[in-house]
Amino acid sequence: MRAIPLLTLLLGGWFIVPAHADEAQDWLTRLGQAEQQQSFNGTFVYERNGSFSTHNIWHRVQDGKVRERLLQLDGSAQEVVRIDGHTQCVSGTLIAGLGDSPNSAARALDPQKLKNWYDLAVIGKSRVAGRAAVIVSLTPRDQHRYGFELHLDKETGLPLKSLLLNDKGQLLERFQFTQLDTADVPSDRDLQAGPDCKALTLDTDKATAVKTAEVWHSDWLPPGFELSSSSSRKDPETKTQVSSLMYDDGLARFSVFLEPLNGATVTDTRTQLGPTVAVSRRLTTPQGEMMVTVVGEIPIGTAERIALSMRNNAATAKQ
């Protein structure tokens, strides 16, 4: 689980002196474009909290649309199909966050923005899944986000391997291709969802989502994090309206969920599984007791501070 010895073994004689940040920015720009331009299929392994899983992926760019299918190969046949990043169907209980791995790093990256919060550098070269790669590091400039080691395919810019590291250099999450084919474009059959892949329907209240962003705010956010979206939906079990706010810094992100307790008795909690944390606390508002939950791939101390900083704009929350 220690990333530094692992990287030392992997790099071996390939290690070179870190390059200027401009080269790293160029590679991140290329990475951001790759998902929207390059079709591929392959097999990758995903590791979190010492647990491994193997997956097939088919990714096709055609007629301006990006269609993608992921299928877990070990355990139950868990599956997800997405079009232009929007989930169409799912089966089983996919590992939290895997819907955005392996291409989480390929979301519309803005290197000019990222360099304000991360030190960017090309630190070497490697070989992953039989393909030559360039290693780009993103080292956080504060304690409120994690670091990344990205092994990018020299030919296409696609992420062949991604390591998520904490401030001690320990490995929190790993994604790595074991086989990648960029020449064979996935067919309609490859992208066809299996019979157990159930259509995903989100009962989202757009008006309430807009109101959520207007009514709630955080007195404190980590530098660089901004509100990127808001949503509101009815919980199918409790029938209560759950609102959420999503924040990101251009790479890392977290969500804040707000749910009325309606008299329910709950306790404050904090949990962590690999890089993903969940911190919940009760908040007293003029509208009644609320449960505020912060979920994301950020350090647990940062998540706790965000949860404690949530405020209702309608009136000063009573602590």
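**Close-up views of a disulfide and its setting**

**View 1. Cys89 is buried, at 7% relative accessible area.** Buried means under 20% relative accessible area, exposed over 50%, and partly exposed in between (1.4 Å probe, protein chains only). Cys197 is buried too, with a relative accessible area of 11%. The model is predicted: local features need pLDDT of at least 70, side-chain atom pairs count only at pLDDT 80 or more, and totals for chains, interfaces and linings use all residues. Residues are numbered from 1 along each chain as its sequence is written, and side-chain values use heavy atoms, leaving out hydrogens and water.

**View 2. Cys89 and Cys197 form a disulfide, with an S to S distance of 2.1 Å.** A disulfide here is a pair of cysteine sulfur atoms within 2.5 Å. The structure holds one such link. The link of Cys89 and Cys197 is right-handed, with 95° about the S-S bond. Cys89 sits in strand β5 (residues 86-91) and Cys197 in the loop between α4 (188-191) and β11 (198-199), so the pair ties together parts 108 residues apart in sequence. Helices (H or I, at least four residues) and strands (E, at least two) are DSSP runs, numbered from the N terminus.

**View 3. Six helices and 19 strands make up the setting.** Of the 319 residues of the protein, 48% count as buried. Among contacts with a separation of 6 or more, 55% come from residues 24 or more positions apart. Contact means heavy atoms within 4.5 Å.

**View 4. The accessible surface of the protein comes to about 15,600 Å².** Carbon and sulfur atoms account for 51% of this surface. Accessible areas come from the Shrake-Rupley method with a 1.4 Å probe; for residues, only the protein chains shown count as cover.
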